Number of protein chains: 2
Amino acid sequence: MGKSDYLGAFEELVLLAVARLGEDGYGMTLRTEIQERTGRDVSIGSVYSTLERLEAKQLVVSREGDPTPVRGGRARRHFQVAPDGVRALQNSRAASERMWEGLDLGAADRA
Amino acid sequence: MGKSDYLGAFEELVLLAVARLGEDGYGMTLRTEIQERTGRDVSIGSVYSTLERLEAKQLVVSREGDPTPVRGGRARRHFQVAPDGVRALQNSRAASERMWEGLDLGAADRA
DNA sequence: TTGATTTTTTTCGTGTTTGTAGAATAAACT
DNA sequence: AGTTTATTCTACAAACACGAAAAAAATCAA
């Protein structure tokens with residue numbers, strides 16, 4: 001029942017952003033990374049709830065950021081990809097590649 | 001509000017399968033195409049409800065199959081990718097490529 | 001030739017998971 | 001206290017998933 005290990009579309013985006021930003025990624029920067037790369041407008045709430053789901057599935061791990069930076073604002077929560085997250089991304093990419101392999105979209109359209 | 005033109009993960013899979021099979025694709029064959037390419041077990045109900053959603057969004061079009069083949073069974077409903085569907089796939093691929101671009105998953109993991 | 005049976009495919013009904021957004025809250029600095 | 005930066009909460013919509021049920025076409029049996 002609905003319990004599948006496959007990534008949702010937005011989950012994959014967030015997970016990729018986490019992977020890209022390495023140890024420094026956190027809610028705010030993950031959001032802009034996605035926005036800049038995809039041109040898509042992303043609400044911060046979506047990012048956080050997705051991060052929570054990814055962490056529940058053990059695809060990412062988080063840690064509290066240093067609470068002593070020279071700036072205002074609450075401490076950051078940094079995210080990193082967990083081993084299962086790497087695998088999930090690899091699988092997802094492999095499946096996608098197989099589906100795109102040799103496909104000519106023009107032909108599909110013309111037919 | 002929740003109204004986005006972005007493809008869901010499974011929607012993209014189904015749309016790609018439709019594109020691959022050209023004019024001959026219909027529920028059953030689309031299902032096996034996805035299964036064979038991705039190794040993922042797909043329920044027929046999911047395929048159909050997704051096809052309906054895609055058609056409502058005008059990403060695919062369907063037509064009744066010839067009801068005179070030499071075999072039992074109900075007539076087929078064939079699907080083809082519509083112009084908007086082609087665009088949706090292109091966009092989705094472009095975004096994905098930008099997110100994967102230059103990413104080293106091993107590095108993300110080691111960090 | 002009618003109607004029961006088999007085959008193939010689609011439709012329905014229902015429950016779960018993901019996606020989306022914004023308001024509320026928290027924690028740090030000045 | 002006020003400002004800034006960031007996360008958590010809440011609520012609802014959309015997407016996904018499954019199996020049972022229904023349809024429609026062919027075949028078989030009398």
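## Exposure of B:Val86

A residue is buried if 20 or more other C-beta atoms, placed from the backbone, lie within 10 Å of its own, exposed if 12 or fewer, and partly exposed in between. In this predicted model, B:Val86 has 17 C-beta neighbours inside 10 Å and therefore counts as partly exposed. B:Val86 belongs to helix H4 of chain B; helices are DSSP runs of H or I of at least four residues, strands are E runs of at least two, and both are numbered from the N terminus. Between the C-alpha atoms of B:Val86 and B:Leu15 there are 8.9 Å, although the two residues are 71 residues apart along the chain.

## Packing of H1 and H4 in chain B

Helix H1 (residues 9-21) and helix H4 (residues 83-100) of chain B pack with their axes 11 Å apart, at an angle of about 120°. Axes are lines fitted to C-alpha atoms over the stretch in contact, and angles run from 0 to 180 degrees between N-to-C directions. H1(B) and H4(B) are therefore oblique to each other (under 35 degrees is roughly parallel, over 145 roughly antiparallel, 65 to 115 roughly perpendicular, the rest oblique).

H1(B) contributes B:Glu12, B:Leu15, B:Leu16 and B:Ala19 to the contact, and H4(B) contributes B:Gly85, B:Ala88, B:Leu89 and B:Ser92; contact means C-beta atoms, placed from the backbone, within 7 Å.

## Conventions

Residues are numbered from 1 along each chain as its sequence is written, while chains are lettered from A and ligands numbered from 1 in the order in which they are written. In this predicted model, local features need pLDDT of at least 70 and side-chain atom pairs count only at pLDDT 80 or more, whereas totals for chains, interfaces and linings use all residues.

Conventions
Contact = placed C-beta atoms within 7 Å.
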